Amino acid sequence: MKNYLPIIGLEVHVELKTKSKMFCQCSASYFNRPANSQTCPVCLGLPGALPVPNQKAIEWTILLGRALNCQINHFSKFDRKHYFYPDLPKGYQISQHDQPIAKDGWYKLKNYKGEEKTYKIRRVHLEEDTGKLIHTTDGTLIDFNRSGVPLVEIVSEPDFHNAEEVKEFLEELQILIRYLDISDADMEKGTMRLEPNISLICRATKQSLTKNKINLPNYKVEIKNINSFRFVKQAIEYEIQRQSDIFNQGKQPKQETRGYDAEKNLTYSLRVKEEAADYRYFPEPDIPPMIFKNDFLNKLFKKVPELPNEKLLRYQNKFKLNYSDAFILTRNKKMADYFELILNQLSKRKKEIRIIDYPKEIAKFIVNKKIAWQLSAEQFIEKAIKLMTPVVTDTNLLEKVIKEVIKNNSQAVSDYKKGKTNVLMYLVGQAMKDLKGKAEAKKVLEKIKEKLS
Amino acid sequence: MTKKTRLKIEQILHLADLAGVKLTEAEVKKYQDQLSQTIEYVSNLKNYHVGKAKITYQTTNLSNIFFPDGEKNQRAFSISEALLNAKNKKDNFFKTKKIL
Amino acid sequence: MNITGYTLLEIIKLVKKRQITIPEVTSFFYNRIKKFNQRLNAFITVLDYQQIKPGIPIAVKDNFCTKGIKTTAASKVLADFISPYESTVTDKLIKNGLTIIGKTNMDAWAHGSSTETSDFGPTKNPWNIDYSPGGSSGGSVAAVSAYLVPAAIGSETAGSIRQPASWSGVIGLKPTYGRVSRYGLIAMGSSLDCPGPLTISVADAAFLLKVIAGKDNYDATTSFQEVPDYLKKLEKNQKFVIGITDEYFEGVLPEIKNKIFTCLNIFRKLGHKIKKIKLISPKYAISVYTIIQRAEVSSNLARYDGIRFGNPREFLGSEAKKRIMLGTYTLSHGYYESFYKKAQQFRTLIIEDYIKAFKEVDFIISPTTPTTAFKLGEFEKYPFFGELMDMLNEPASVAGLPAINLPAGLDKNNLPIGMQIVGPYFYEDRILNLANQFEKETDYFGVIKKGILRYQ
């Protein structure tokens, strides 16, 4: 058995959640709408219709490029990409070819264990989505509601070597996109789509495997139709195995596009590409170029919110959270926002809290689900304060209450004396109820034990 | 005509395939001649040195022409308007021959 | 009231003064169309009389989408396409008191210079029906020349307004690219296409340009430049420096050259200066134009798959297929650099060449076409003929500059000769000013009037 190094690159498509489509004013939210109810001359590709770009989609693409540490091109343009398919109304897709909005980025991924790896981002560009096809027995039906919805394509360098890190990266990318609030990035709904391309380097060959200088294999298998993170992992693992098997038989895998069948957990050939597709790109003459000046970009960059990893660092430094709590909190922006809302409101009630680094406690309450973060801030804070407040025991009251409890629960007391020690907790509970929390449970327990001995 | 610029039959067929047009045998012959002649003529640009001239793909000198997201849609079609000119439709859908 | 030969503006004035009613004007032109269109085949669609909305009737080329009216671009692919939306140009016409009486014939998809590639039969030259009216706006010029309408809207990619205007003896104005919206104009060469008026007077051209020009939020390539009151700009005669260049007289019939020289003398007499300049030979612009246009055509015709509208691609005509194939070639892998890219680089040189020239002169005057009208059927014989016929128009189109054709006399066969004035970007007001001076001085040597009088 030879040893293979998988080389995996990613193409990720993300549908932006703008109100309007990319090149016309039609609504971009097509989910559950009647077929062909959201179209106009532009997104139906009627004769004479012309595209005008949606400003927000462009700005959001710049923000995403920025968040992925890309260089934003000062001069960018749209191009036409030609191919025929019934869901592509114009016979070309307006996309970006040689001057994408953003290029040459990187993203440093730290997993929950704190292990770090940097992945290179080749480009981030903007294009339009196609219509939707529904295949029936006697023909194919087409709905153009989705036609023209803004679609961002993120292309990574082939920096991934196993399915797990791809999954981690994608989860992180989803979080990042949700932080930016530019897309739902939902794999099931198709607002986030992944096409990994996978090939193997045979380590037995004398290829140089020094990290910076991997000679890429001369073939690539692209996988389509993956609609969950779980399937991403399964599909890639299946594909690595399939290609290894081919190599082990002394053969060479074909350059092709394969689909993933989640039910059977396997990939199947969609089409074999013998030569690169000829899309006949040329600059879109209907759309003047985009020129992004520094002033404009700097103003726009201010709209990039604090990103998950920055937040994580801040939580570690400012609130002294441990890595794992900070990691979990920052992987969900809503949760992180809630955490900060609680801290913010608590700061007004500092006098009631005796613990100095209470943010650590709050983080633990949320992360360990000790208090549900779905509660209103007020409710959460009440509970949190209670949990964090050491109870001062009123010894006189304690004496009185315990006496009462022993008197009123003679059966339990006699059971205890017979050796049923578990009734003790029942008596503590009764006492606690009467004390209305004005005593520490530990002290109550000790006192009852003392009285009954 | 120089041999170099004369298109081969396979090239004509490949172009027709890319372009999504079907040609009769007679058309293949005709286009082989006519396209080759045209290419021969327009190749006169090769003799003219353009240096590092930038490309002009549009002459307007405009840039950054956008529309604001959420702008009122005044062109929306009703479903029946959208389907008005379709030869083949089913329910609210456009329909085409089965594809895989 | 017999209004034969009245300009559009004169008719509007008569209506305003209540000397004639709109229905009278409408039935006047409607009857002329009924009487003469069969002979000329200028229209693909003439509206039913009841269908015509109130307004002064004019004709538009059948590549403008008109809501509820058949729009074919003269191709069988769109033989029964009823546009569900209105083009910006026709919308503006309607909003300014005009109405569309019919859609005029053209070369299919505007591919051609003779109106013979129309899938609905060729249009005849009103001056001699054995001849081509030119194209691709052949139906529009024929309708104006024979006065079946007082004015029409055409479109030009490179010469499709000026060349047929020249061959059929009317005024044809091609505005600066981006001056008039292309929204709803069925795209031919997207970086070149320009709608423009075809008229029997400069004032009508000025009026119509004012109506159709301006920024359009549905066309990202339209200019923010304010639209001047072109009519007002005609009032005061201005003095200009006119450039001429030998390159634009090469291969031009001597008869035509001589007529243009006569016109130049008239300009001298009117107090303008004539200056010789040098420009890059138009023979390169032909190549630049052909490559760019075919590339854009191959892309623009990709949407015609017969699914959402129209007939399938099998209905595309021979000329369209040929252009699509060439465009596909010049964009395809391995050829893009030496054809498409080179052409777009050369385009930059042509623009720079003009900018340099316009530092010395206000306009460049030349013949509009190297010959007068050809007999129907001649074009068939040469694959590349249209481009050669339009060679004097192509450089300005490639650069996106405004230009006008003015009738400059008749040749020995009694066919019109055209003169072309090309100006800098957004110089339409001054082009019209100069043209107006020429009109007042010469009345086009009676060409327009004679053309109309043939159709009584």
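**Sheets, contacts and domains**

Colleague: In which order do the 3 strands of the antiparallel open sheet in chain A stand?

Modeller: Two strands pair if DSSP finds at least two bridges between them. Helices (H or I, at least four residues) and strands (E, at least two) are DSSP runs, numbered from the N terminus. In chain A, the 3 strands have the order S5-S4-S15.

Colleague: What kind of model is this?

Modeller: Residues count from 1 along each chain as its sequence is written, while chains are lettered from A and ligands numbered from 1 in the order in which they are written. Local features need pLDDT of at least 70, side-chain atom pairs count only at pLDDT 80 or more, and totals for chains, interfaces and linings use all residues, for this is a predicted model.

Colleague: Which residue stands opposite Asp79(A)?

Modeller: Strand S4 of chain A covers residues 79-82 and pairs with S15(A) over 2 bridges, in the antiparallel sense. S15 (282-283) is an edge strand, pairing on one side only. The residue opposite Asp79(A) is Pro283(A).

Colleague: Chain A also has a sheet of 9 strands; which are its edge strands?

Modeller: That open sheet runs S2-S6-S7-S10-S1-S11-S12-S13-S14, with mixed pairing. Inside it, S11 (192-202) and S12 (221-224) of chain A pair in the antiparallel sense over 2 bridges. Asn197(A) stands opposite Glu222(A) there. Each edge strand pairs on one side only: S2 (71-72) and S14 (266-272).

Colleague: Which helix gives the largest share of the side of chain C that touches chain A?

Modeller: Contact requires C-beta atoms, placed from the backbone, within 7 Å. On that basis 32 residues of chain C are in contact with 24 of chain A. Helices H8 (282-300) and H9 (318-331) of chain C each supply at least two residues. The largest share is 3 residues, from H8(C).

Colleague: What does H2(B) give to the side of chain B that touches chain C?

Modeller: The contact takes 39 residues from chain B and 50 from chain C. H1 (9-19), H2 (25-42) and strand S2 (93-96) of chain B each give two or more to the chain B side. H2(B) gives the most, 7 residues.

Colleague: Is Asn422(A) buried or exposed?

Modeller: Asn422(A) lies in the loop between H11 (410-417) and H12 (423-435) of chain A. Because 9 other C-beta atoms lie within 10 Å, Asn422(A) is exposed.

Colleague: What distance separates the centres of domain 1 and domain 3 of chain A?

Modeller: The bounds come from an automatic or database domain assignment. It gives domain 1 (4-301), domain 2 (308-388) and domain 3 (395-452). Taken over C-alpha atoms, the centres of domain 1 and domain 3 are separated by 66 Å.

Methods
Two residues are in contact if their C-beta atoms, placed from the backbone, lie within 7 Å. A residue is buried if 20 or more other C-beta atoms lie within 10 Å of its own, exposed if 12 or fewer, and partly exposed in between; C-beta atoms are placed from the backbone.
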